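Please look over the sequence and the model below before reading on.

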Amino acid sequence: MSKVKIGVFGVRRGSVVIKYCRTQSDAQLVAVCDSWEQGLTDMKKELGEDIAYYTSFDDFINHDMDAVFLANYATEHAPYAIRAFEKGLHVLSEVLPCQTMKEAVELIEAIEKSGKIYAYAENCCFMAAPYEMRKLYRSGQLGELEYGEGEYLHNCESIWPRITRGDKNHWRNNMYAHFYCTHSFGPFIHITGLRPISVTGFELPFNARMERMGAKSGSAGLAIITMENGAIIKNINGVGCSKNSLWFSIYGTLGRAESAREDSQYGMYSRIFTNLDRYEGECFDRPNTYCPGADQPSPAQKWGHGGGDYYIMHNFVDRISGNTDAETIDIYEALDMFLPGMFAYRSVLAGGIPVNIPNLRIPSERDRWRNDTWCTDPAVAKDRLVPSYSKGNPHIPDETYQRVYEKWLKG
Ligand SMILES: NC(=O)c1ccc[n+]([C@@H]2O[C@H](COP(=O)([O-])OP(=O)(O)OC[C@H]3O[C@@H](n4cnc5c(N)ncnc54)[C@H](O)[C@@H]3O)[C@@H](O)[C@H]2O)c1
(Lines give C-alpha, C1' and ligand atoms only; values in the text may rest on other atoms or scores of the structure.)
Protein backbone atom coordinates (compact mmCIF):
# COMPACT_ATOMS: atom_id res chain seq x y z
CA MET A 1 0.00 0.00 0.00
CA SER A 2 1.32 3.45 -0.84
CA LYS A 3 2.27 5.80 1.97
CA VAL A 4 0.03 8.75 2.83
CA LYS A 5 1.89 11.94 1.82
CA ILE A 6 1.63 14.57 4.53
CA GLY A 7 2.58 18.25 4.65
CA VAL A 8 3.14 20.08 7.93
CA PHE A 9 2.06 23.69 8.51
CA GLY A 10 3.89 25.01 11.60
CA VAL A 11 7.29 23.60 12.57
CA ARG A 12 7.14 23.44 16.35
CA ARG A 13 4.19 21.17 17.02
CA GLY A 14 4.68 19.76 13.53
CA SER A 15 7.38 17.62 15.12
CA VAL A 16 4.64 15.07 15.89
CA VAL A 17 4.29 14.26 12.17
CA ILE A 18 8.04 14.15 11.74
CA LYS A 19 8.38 11.59 14.52
CA TYR A 20 5.48 9.58 13.13
CA CYS A 21 6.86 9.45 9.61
CA ARG A 22 10.31 8.49 10.89
CA THR A 23 9.04 5.57 12.92
CA GLN A 24 6.00 4.27 10.98
CA SER A 25 5.75 2.84 7.49
CA ASP A 26 2.31 4.12 6.40
CA ALA A 27 3.06 7.85 6.06
CA GLN A 28 5.67 10.08 4.47
CA LEU A 29 6.51 13.70 5.29
CA VAL A 30 6.78 15.54 1.96
CA ALA A 31 6.60 19.28 2.75
CA VAL A 32 6.96 21.70 5.63
CA CYS A 33 5.76 25.31 5.79
CA ASP A 34 6.55 28.01 8.30
CA SER A 35 7.18 31.73 7.90
CA TRP A 36 9.61 31.53 10.84
CA GLU A 37 12.77 31.16 8.79
CA GLN A 38 15.08 30.11 11.62
CA GLY A 39 12.71 27.29 12.58
CA LEU A 40 12.52 26.17 8.98
CA THR A 41 16.31 26.29 8.54
CA ASP A 42 16.79 24.20 11.68
CA MET A 43 14.29 21.68 10.37
CA LYS A 44 16.05 21.53 7.01
CA LYS A 45 19.32 20.74 8.78
CA GLU A 46 17.59 17.92 10.63
CA LEU A 47 15.55 16.44 7.78
CA GLY A 48 17.64 17.11 4.69
CA GLU A 49 16.76 17.96 1.12
CA ASP A 50 14.25 15.20 0.30
CA ILE A 51 11.50 17.32 1.76
CA ALA A 52 10.19 20.59 0.28
CA TYR A 53 10.34 23.70 2.47
CA TYR A 54 8.04 26.70 2.12
CA THR A 55 7.64 30.01 3.90
CA SER A 56 4.35 30.77 2.16
CA PHE A 57 1.15 28.76 2.59
CA ASP A 58 0.08 29.77 -0.95
CA ASP A 59 3.04 27.82 -2.36
CA PHE A 60 2.90 24.99 0.17
CA ILE A 61 -0.74 24.17 -0.56
CA ASN A 62 0.11 23.43 -4.20
CA HIS A 63 2.62 20.73 -3.24
CA ASP A 64 1.77 17.17 -4.27
CA MET A 65 0.37 15.64 -1.06
CA ASP A 66 -2.68 13.81 0.35
CA ALA A 67 -3.09 15.57 3.68
CA VAL A 68 -1.97 18.48 5.83
CA PHE A 69 -1.32 18.72 9.55
CA LEU A 70 -2.33 22.18 10.75
CA ALA A 71 0.04 23.13 13.57
CA ASN A 72 -0.16 26.86 12.92
CA TYR A 73 -1.66 29.41 15.33
CA ALA A 74 -4.54 27.93 17.36
CA THR A 75 -6.82 30.80 16.35
CA GLU A 76 -6.22 30.34 12.61
CA HIS A 77 -6.95 26.68 11.90
CA ALA A 78 -10.35 27.05 10.24
CA PRO A 79 -9.43 29.38 7.34
CA TYR A 80 -6.41 27.22 6.42
CA ALA A 81 -8.41 24.00 6.77
CA ILE A 82 -10.98 25.41 4.36
CA ARG A 83 -8.24 26.22 1.85
CA ALA A 84 -6.90 22.67 2.15
CA PHE A 85 -10.37 21.18 1.57
CA GLU A 86 -10.76 23.38 -1.51
CA LYS A 87 -7.57 21.72 -2.79
CA GLY A 88 -9.02 18.26 -2.14
CA LEU A 89 -6.73 17.45 0.83
CA HIS A 90 -7.49 15.68 4.11
CA VAL A 91 -6.89 17.72 7.27
CA LEU A 92 -5.60 16.88 10.72
CA SER A 93 -6.15 20.02 12.80
CA GLU A 94 -4.39 20.85 16.01
CA VAL A 95 -6.47 22.35 18.81
CA LEU A 96 -8.63 24.50 18.57
CA PRO A 97 -11.00 23.89 15.62
CA CYS A 98 -11.88 27.57 14.98
CA GLN A 99 -11.95 31.02 16.51
CA THR A 100 -15.49 32.22 15.72
CA MET A 101 -18.96 30.83 15.10
CA LYS A 102 -18.74 32.17 11.53
CA GLU A 103 -15.64 30.04 10.99
CA ALA A 104 -17.35 27.03 12.61
CA VAL A 105 -20.20 27.20 10.08
CA GLU A 106 -17.83 27.77 7.15
CA LEU A 107 -15.58 24.91 8.22
CA ILE A 108 -18.46 22.43 8.60
CA GLU A 109 -19.81 23.35 5.19
CA ALA A 110 -16.37 23.09 3.54
CA ILE A 111 -15.89 19.61 5.01
CA GLU A 112 -19.37 18.46 3.97
CA LYS A 113 -18.80 19.79 0.45
CA SER A 114 -15.34 18.27 0.03
CA GLY A 115 -16.11 14.77 1.31
CA LYS A 116 -12.52 14.68 2.64
CA ILE A 117 -11.48 13.64 6.14
CA TYR A 118 -11.28 16.20 8.91
CA ALA A 119 -9.72 14.92 12.13
CA TYR A 120 -9.32 16.94 15.31
CA ALA A 121 -6.06 16.25 17.13
CA GLU A 122 -7.36 16.17 20.73
CA ASN A 123 -4.67 13.88 22.06
CA CYS A 124 -5.98 13.82 25.67
CA CYS A 125 -8.87 11.59 24.53
CA PHE A 126 -6.30 8.88 23.75
CA MET A 127 -4.31 9.00 26.98
CA ALA A 128 -4.52 5.71 28.84
CA ALA A 129 -6.79 6.72 31.75
CA PRO A 130 -9.44 8.73 29.85
CA TYR A 131 -9.36 6.14 27.07
CA GLU A 132 -9.99 3.38 29.61
CA MET A 133 -12.92 5.45 30.93
CA ARG A 134 -14.34 5.39 27.41
CA LYS A 135 -14.04 1.60 27.31
CA LEU A 136 -15.73 1.26 30.73
CA TYR A 137 -18.49 3.67 29.71
CA ARG A 138 -19.15 2.16 26.29
CA SER A 139 -19.24 -1.37 27.72
CA GLY A 140 -21.85 -0.27 30.29
CA GLN A 141 -19.59 -0.81 33.34
CA LEU A 142 -19.87 2.83 34.48
CA GLY A 143 -23.61 3.10 33.84
CA GLU A 144 -25.13 6.40 32.73
CA LEU A 145 -23.12 9.63 33.14
CA GLU A 146 -24.08 11.63 36.22
CA TYR A 147 -21.10 13.93 36.89
CA GLY A 148 -17.53 14.58 35.79
CA GLU A 149 -14.58 16.85 36.45
CA GLY A 150 -11.79 17.74 34.05
CA GLU A 151 -8.70 19.86 34.75
CA TYR A 152 -6.03 21.16 32.43
CA LEU A 153 -4.00 23.62 34.47
CA HIS A 154 -0.58 24.30 33.05
CA ASN A 155 1.58 26.92 34.72
CA CYS A 156 3.29 28.05 31.53
CA GLU A 157 5.44 30.83 32.99
CA SER A 158 8.74 28.99 32.49
CA ILE A 159 7.97 28.06 28.84
CA TRP A 160 6.18 31.29 27.84
CA PRO A 161 9.31 32.80 26.20
CA ARG A 162 9.68 29.69 24.01
CA ILE A 163 6.01 29.43 23.05
CA THR A 164 5.24 33.13 22.49
CA ARG A 165 8.69 34.54 21.60
CA GLY A 166 7.75 37.83 23.27
CA ASP A 167 5.16 38.59 20.60
CA LYS A 168 2.46 40.72 22.20
CA ASN A 169 0.07 39.77 19.40
CA HIS A 170 0.65 36.03 19.86
CA TRP A 171 -2.65 34.16 20.26
CA ARG A 172 -1.56 32.81 23.63
CA ASN A 173 -1.26 36.39 24.96
CA ASN A 174 -4.70 37.35 23.66
CA MET A 175 -6.90 34.28 24.19
CA TYR A 176 -9.66 34.41 26.81
CA ALA A 177 -9.32 32.04 29.77
CA HIS A 178 -11.79 29.40 28.48
CA PHE A 179 -10.47 29.27 24.89
CA TYR A 180 -8.07 26.32 25.29
CA CYS A 181 -10.72 24.09 26.87
CA THR A 182 -10.64 20.84 24.91
CA HIS A 183 -7.73 19.06 26.66
CA SER A 184 -9.79 18.85 29.85
CA PHE A 185 -13.34 18.78 28.49
CA GLY A 186 -12.84 16.90 25.20
CA PRO A 187 -12.40 13.46 26.79
CA PHE A 188 -15.90 13.64 28.34
CA ILE A 189 -17.40 14.03 24.87
CA HIS A 190 -15.27 11.21 23.51
CA ILE A 191 -16.00 8.94 26.47
CA THR A 192 -19.78 9.36 26.50
CA GLY A 193 -20.82 10.56 23.03
CA LEU A 194 -23.26 12.91 24.79
CA ARG A 195 -23.79 16.47 23.59
CA PRO A 196 -23.26 19.52 25.82
CA ILE A 197 -26.39 21.70 25.82
CA SER A 198 -25.74 24.65 28.16
CA VAL A 199 -22.95 26.23 30.18
CA THR A 200 -22.35 28.72 32.97
CA GLY A 201 -18.90 30.31 33.05
CA PHE A 202 -16.68 31.70 35.81
CA GLU A 203 -13.28 33.34 35.40
CA LEU A 204 -10.34 33.25 37.81
CA PRO A 205 -8.76 36.70 38.22
CA PHE A 206 -5.86 38.04 36.15
CA ASN A 207 -2.83 37.66 38.43
CA ALA A 208 0.82 38.68 38.82
CA ARG A 209 1.97 35.54 36.95
CA MET A 210 -0.12 36.41 33.90
CA GLU A 211 1.20 39.97 34.10
CA ARG A 212 4.83 38.76 34.10
CA MET A 213 4.06 36.50 31.12
CA GLY A 214 2.25 39.24 29.18
CA ALA A 215 -0.95 37.17 28.93
CA LYS A 216 -4.06 39.32 29.19
CA SER A 217 -6.81 36.96 30.43
CA GLY A 218 -7.94 35.56 33.75
CA SER A 219 -5.56 32.89 35.00
CA ALA A 220 -8.07 30.08 34.30
CA GLY A 221 -11.61 29.57 33.04
CA LEU A 222 -14.14 27.45 34.91
CA ALA A 223 -17.24 26.08 33.20
CA ILE A 224 -20.20 24.17 34.58
CA ILE A 225 -21.61 22.31 31.60
CA THR A 226 -24.98 20.55 31.38
CA MET A 227 -25.05 17.52 29.09
CA GLU A 228 -28.05 16.35 27.07
CA ASN A 229 -28.96 13.71 29.69
CA GLY A 230 -28.88 16.30 32.51
CA ALA A 231 -25.45 15.26 33.84
CA ILE A 232 -23.04 18.04 34.86
CA ILE A 233 -19.35 18.41 34.01
CA LYS A 234 -17.11 20.84 35.88
CA ASN A 235 -14.25 21.87 33.63
CA ILE A 236 -11.27 24.10 34.42
CA ASN A 237 -8.44 25.11 32.11
CA GLY A 238 -5.78 27.78 32.25
CA VAL A 239 -2.14 28.73 31.91
CA GLY A 240 -1.75 30.98 34.96
CA CYS A 241 -2.37 28.95 38.13
CA SER A 242 0.59 28.05 40.34
CA LYS A 243 0.61 24.26 39.84
CA ASN A 244 -0.13 21.83 37.02
CA SER A 245 -3.01 19.41 36.86
CA LEU A 246 -4.18 17.18 34.02
CA TRP A 247 -6.88 15.13 35.69
CA PHE A 248 -10.19 13.45 34.92
CA SER A 249 -12.92 12.05 37.14
CA ILE A 250 -16.21 10.55 35.97
CA TYR A 251 -19.22 9.33 37.91
CA GLY A 252 -21.82 7.03 36.35
CA THR A 253 -24.85 5.30 37.87
CA LEU A 254 -22.60 2.27 38.55
CA GLY A 255 -19.64 4.03 40.10
CA ARG A 256 -16.60 6.20 39.57
CA ALA A 257 -13.36 6.19 37.59
CA GLU A 258 -10.57 8.74 37.88
CA SER A 259 -6.99 9.31 36.85
CA ALA A 260 -4.11 9.85 39.30
CA ARG A 261 -3.50 13.30 40.74
CA GLU A 262 -0.20 14.90 39.68
CA ASP A 263 1.15 15.24 43.24
CA SER A 264 0.54 11.58 44.06
CA GLN A 265 3.45 10.82 41.67
CA TYR A 266 1.58 7.68 40.71
CA GLY A 267 1.24 7.74 36.94
CA MET A 268 -1.05 10.74 36.28
CA TYR A 269 -3.18 10.09 33.20
CA SER A 270 -1.58 6.68 32.69
CA ARG A 271 -3.20 5.30 35.85
CA ILE A 272 -6.87 4.80 36.60
CA PHE A 273 -8.74 4.26 39.86
CA THR A 274 -12.12 2.58 39.65
CA ASN A 275 -14.86 1.78 42.10
CA LEU A 276 -17.70 0.06 40.27
CA ASP A 277 -20.90 -1.66 41.32
CA ARG A 278 -21.96 -4.80 39.44
CA TYR A 279 -25.57 -3.61 39.30
CA GLU A 280 -27.34 -0.40 40.21
CA GLY A 281 -28.12 -0.33 43.91
CA GLU A 282 -25.41 -2.83 44.87
CA CYS A 283 -23.61 -0.11 46.87
CA PHE A 284 -20.49 -2.19 47.45
CA ASP A 285 -17.04 -0.59 47.59
CA ARG A 286 -14.68 -2.31 45.19
CA PRO A 287 -11.72 0.06 44.72
CA ASN A 288 -9.17 -0.92 42.12
CA THR A 289 -6.24 0.72 40.36
CA TYR A 290 -4.16 -0.16 37.29
CA CYS A 291 -2.29 1.33 34.34
CA PRO A 292 -4.36 0.38 31.28
CA GLY A 293 -2.33 -1.25 28.53
CA ALA A 294 0.98 -0.98 30.41
CA ASP A 295 1.54 -4.75 30.25
CA GLN A 296 0.98 -4.95 26.48
CA PRO A 297 3.66 -3.75 24.07
CA SER A 298 2.30 -0.87 22.02
CA PRO A 299 3.92 1.54 19.56
CA ALA A 300 2.26 4.38 21.55
CA GLN A 301 4.26 3.77 24.71
CA LYS A 302 7.23 5.99 23.84
CA TRP A 303 5.08 8.87 22.61
CA GLY A 304 4.33 12.26 24.14
CA HIS A 305 1.15 13.12 26.03
CA GLY A 306 0.70 9.57 27.33
CA GLY A 307 0.69 8.02 23.86
CA GLY A 308 -2.07 10.38 22.67
CA ASP A 309 0.16 11.92 20.00
CA TYR A 310 0.68 8.51 18.40
CA TYR A 311 -3.03 7.70 18.20
CA ILE A 312 -4.10 11.01 16.67
CA MET A 313 -1.57 10.47 13.88
CA HIS A 314 -2.03 6.73 13.44
CA ASN A 315 -5.82 6.87 13.37
CA PHE A 316 -5.81 9.75 10.86
CA VAL A 317 -3.46 7.91 8.50
CA ASP A 318 -5.41 4.68 8.96
CA ARG A 319 -8.65 6.47 8.07
CA ILE A 320 -7.16 7.97 4.91
CA SER A 321 -5.87 4.51 4.01
CA GLY A 322 -9.45 3.24 3.93
CA ASN A 323 -10.26 2.03 7.46
CA THR A 324 -13.65 3.69 8.04
CA ASP A 325 -13.59 2.41 11.65
CA ALA A 326 -10.36 4.26 12.48
CA GLU A 327 -11.15 6.36 15.52
CA THR A 328 -10.82 10.01 14.55
CA ILE A 329 -12.64 13.03 15.97
CA ASP A 330 -14.84 14.69 13.35
CA ILE A 331 -15.81 18.36 13.23
CA TYR A 332 -19.14 17.90 15.04
CA GLU A 333 -17.44 16.14 17.95
CA ALA A 334 -14.63 18.73 17.90
CA LEU A 335 -17.17 21.56 18.23
CA ASP A 336 -18.95 19.75 21.08
CA MET A 337 -15.53 19.85 22.80
CA PHE A 338 -14.77 23.50 21.98
CA LEU A 339 -18.07 25.43 22.05
CA PRO A 340 -18.61 24.93 25.82
CA GLY A 341 -15.43 27.01 26.33
CA MET A 342 -16.46 29.73 23.91
CA PHE A 343 -19.95 29.92 25.41
CA ALA A 344 -18.63 29.77 28.98
CA TYR A 345 -16.80 33.03 28.32
CA ARG A 346 -19.92 34.48 26.70
CA SER A 347 -21.70 33.52 29.93
CA VAL A 348 -19.04 35.32 32.00
CA LEU A 349 -19.42 38.45 29.87
CA ALA A 350 -23.19 38.26 30.31
CA GLY A 351 -22.80 38.32 34.10
CA GLY A 352 -22.67 34.58 34.78
CA ILE A 353 -26.01 33.48 33.33
CA PRO A 354 -26.38 29.99 31.75
CA VAL A 355 -26.21 30.07 27.94
CA ASN A 356 -27.23 27.45 25.38
CA ILE A 357 -24.59 25.69 23.28
CA PRO A 358 -25.51 25.56 19.57
CA ASN A 359 -25.73 22.29 17.66
CA LEU A 360 -24.35 23.04 14.21
CA ARG A 361 -25.16 19.53 12.96
CA ILE A 362 -28.59 21.02 12.27
CA PRO A 363 -28.31 23.11 9.08
CA SER A 364 -31.13 25.48 10.14
CA GLU A 365 -29.21 26.37 13.35
CA ARG A 366 -26.23 27.54 11.31
CA ASP A 367 -27.92 30.65 9.89
CA ARG A 368 -28.07 32.35 13.28
CA TRP A 369 -24.28 32.09 13.60
CA ARG A 370 -23.17 32.42 9.98
CA ASN A 371 -21.95 36.02 10.39
CA ASP A 372 -20.92 35.92 14.04
CA THR A 373 -17.32 37.09 14.35
CA TRP A 374 -17.31 37.37 18.20
CA CYS A 375 -13.70 36.87 19.37
CA THR A 376 -10.68 38.61 20.93
CA ASP A 377 -8.78 39.21 17.67
CA PRO A 378 -9.54 42.73 16.32
CA ALA A 379 -8.68 41.81 12.71
CA VAL A 380 -11.25 38.99 12.71
CA ALA A 381 -13.89 40.29 15.13
CA LYS A 382 -14.41 43.77 13.67
CA ASP A 383 -17.55 45.08 15.48
CA ARG A 384 -17.84 41.86 17.58
CA LEU A 385 -14.56 42.37 19.46
CA VAL A 386 -14.51 41.24 23.10
CA PRO A 387 -11.69 41.76 25.63
CA SER A 388 -9.42 38.88 26.63
CA TYR A 389 -10.32 39.55 30.27
CA SER A 390 -13.92 40.15 31.29
CA LYS A 391 -13.00 43.16 33.44
CA GLY A 392 -11.22 44.80 30.50
CA ASN A 393 -7.78 44.07 29.10
CA PRO A 394 -5.01 44.84 31.60
CA HIS A 395 -2.34 47.28 30.43
CA ILE A 396 0.89 45.37 29.81
CA PRO A 397 3.88 47.57 28.94
CA ASP A 398 6.00 46.78 25.87
CA GLU A 399 8.98 46.21 28.21
CA THR A 400 7.28 43.03 29.45
CA TYR A 401 7.24 41.59 25.93
CA GLN A 402 10.81 42.78 25.37
CA ARG A 403 11.88 40.93 28.53
CA VAL A 404 10.10 37.73 27.39
CA TYR A 405 11.68 38.09 23.94
CA GLU A 406 15.17 38.42 25.44
CA LYS A 407 14.59 35.34 27.58
CA TRP A 408 13.61 33.43 24.45
CA LEU A 409 16.80 34.58 22.65
CA LYS A 410 18.92 33.45 25.60
CA GLY A 411 17.18 30.03 25.36
N1 LIG B 1 -2.17 18.91 21.45
C2 LIG B 1 -1.18 19.39 22.16
O3 LIG B 1 -0.76 18.79 23.14
C4 LIG B 1 -0.52 20.67 21.72
C5 LIG B 1 0.68 21.11 22.32
C6 LIG B 1 1.25 22.30 21.85
C7 LIG B 1 0.63 23.02 20.85
N8 LIG B 1 -0.53 22.56 20.31
C9 LIG B 1 -1.17 23.28 19.20
O10 LIG B 1 -0.27 23.30 18.11
C11 LIG B 1 -0.41 24.50 17.38
C12 LIG B 1 0.94 25.17 17.24
O13 LIG B 1 1.37 25.59 18.49
P14 LIG B 1 2.92 25.89 18.74
O15 LIG B 1 3.04 26.22 20.17
O16 LIG B 1 3.71 24.79 18.14
O17 LIG B 1 3.27 27.14 17.84
P18 LIG B 1 2.67 28.62 17.64
O19 LIG B 1 1.20 28.61 17.70
O20 LIG B 1 3.41 29.57 18.47
O21 LIG B 1 3.20 28.85 16.17
C22 LIG B 1 2.72 28.20 15.06
C23 LIG B 1 3.78 28.20 13.98
O24 LIG B 1 3.08 28.38 12.75
C25 LIG B 1 3.76 29.36 11.97
N26 LIG B 1 2.74 30.10 11.21
C27 LIG B 1 1.59 30.62 11.67
N28 LIG B 1 0.89 31.21 10.67
C29 LIG B 1 1.64 31.06 9.56
C30 LIG B 1 1.46 31.47 8.20
N31 LIG B 1 0.37 32.14 7.81
N32 LIG B 1 2.42 31.13 7.31
C33 LIG B 1 3.52 30.44 7.68
N34 LIG B 1 3.74 30.04 8.95
C35 LIG B 1 2.82 30.35 9.88
C36 LIG B 1 4.45 30.27 12.97
O37 LIG B 1 5.58 30.91 12.40
C38 LIG B 1 4.82 29.32 14.09
O39 LIG B 1 6.12 28.78 13.93
C40 LIG B 1 -1.43 25.34 18.11
O41 LIG B 1 -2.65 25.18 17.46
C42 LIG B 1 -1.50 24.73 19.49
O43 LIG B 1 -2.78 24.84 20.05
C44 LIG B 1 -1.10 21.39 20.72
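Which domains does the domain assignment of the chain give? It gives domain 1 (4-123) and domain 2 (124-304 + 330-384), with bounds that come from an automatic or database domain assignment. This is a predicted model, in which local features need pLDDT of at least 70 and side-chain atom pairs count only at pLDDT 80 or more, while totals for chains, interfaces and linings use all residues. Residues are numbered from 1 along each chain as its sequence is written.

**The two domains**

- Taken over C-alpha atoms, the centres of domain 1 and domain 2 are separated by 24 Å.
- Between them, 19 residues of domain 1 are in contact with 25 residues of domain 2, where contact means that the C-beta atoms of two residues, placed from the backbone, lie within 7 Å.
- On the side of domain 1 that touches domain 2, the elements giving two or more residues are α5 (101-114) and β6 (118-120); helices (H or I, at least four residues) and strands (E, at least two) are DSSP runs, numbered from the N terminus.
- The largest share of that side of domain 1, seven residues, is supplied by α5.
- The residues on this side of domain 1 divide into 13 nonpolar, four polar and two charged, with Ala, Val, Leu, Ile, Met, Phe, Trp, Tyr, Cys and Pro counted as nonpolar, Asp, Glu, Lys and Arg as charged, and the others, Gly among them, as polar.

**The ligand shell**

- Of the 20 residues around the ligand, those that come nearest are Gly10, Arg12, Arg13, Ser35 and Ala74; a residue is near a molecule if its C-beta atom, placed from the backbone, lies within 6 Å of it.
- The shell around the ligand is made up of ten nonpolar, six polar and four charged residues.

- Val4 has its place in strand β1 (residues 4-9), and it counts as buried because it has 20 C-beta neighbours inside 10 Å; a residue is buried if 20 or more other C-beta atoms, placed from the backbone, lie within 10 Å of its own, exposed if 12 or fewer, and partly exposed in between.
- Leaving aside residues up to four places away in sequence, Val4 touches Asp26, Ala27, Asp66, Ala67, Val317, Ile320 and Ser321.
- Although Val4 and Phe316 are 312 residues apart in sequence, they are 10.0 Å apart in space, C-alpha to C-alpha.
- The 13 residues of helix α11 (residues 308-320) should span 18 Å at 1.5 Å a residue, and the end C-alpha atoms are 19 Å apart, which agrees; the expected span is 1.5 Å times one less than the number of residues.
- Helix α11 is mostly covered, with twelve of its 13 residues buried, and its buried residues pack against β1, α1 (15-23), β2 (27-33), β4 (67-70), β5 (90-93) and β6.
- Just after α11, Gly322 takes a positive phi of about 115 degrees.

**Strand pairing**

- β4 and β5 pair in the parallel sense over four bridges, two strands being paired if DSSP finds at least two bridges between them, and His90 in β5 is the bridge partner of Ala67.
- Strand β7 (residues 145-153) runs antiparallel to strand β11 (residues 245-252), and eight bridges join them; Glu151 stands opposite Trp247 in β11.
- A hairpin through two residues joins β11 to β12, and β11 pairs with strand β12 (residues 255-259) in the antiparallel sense over four bridges.
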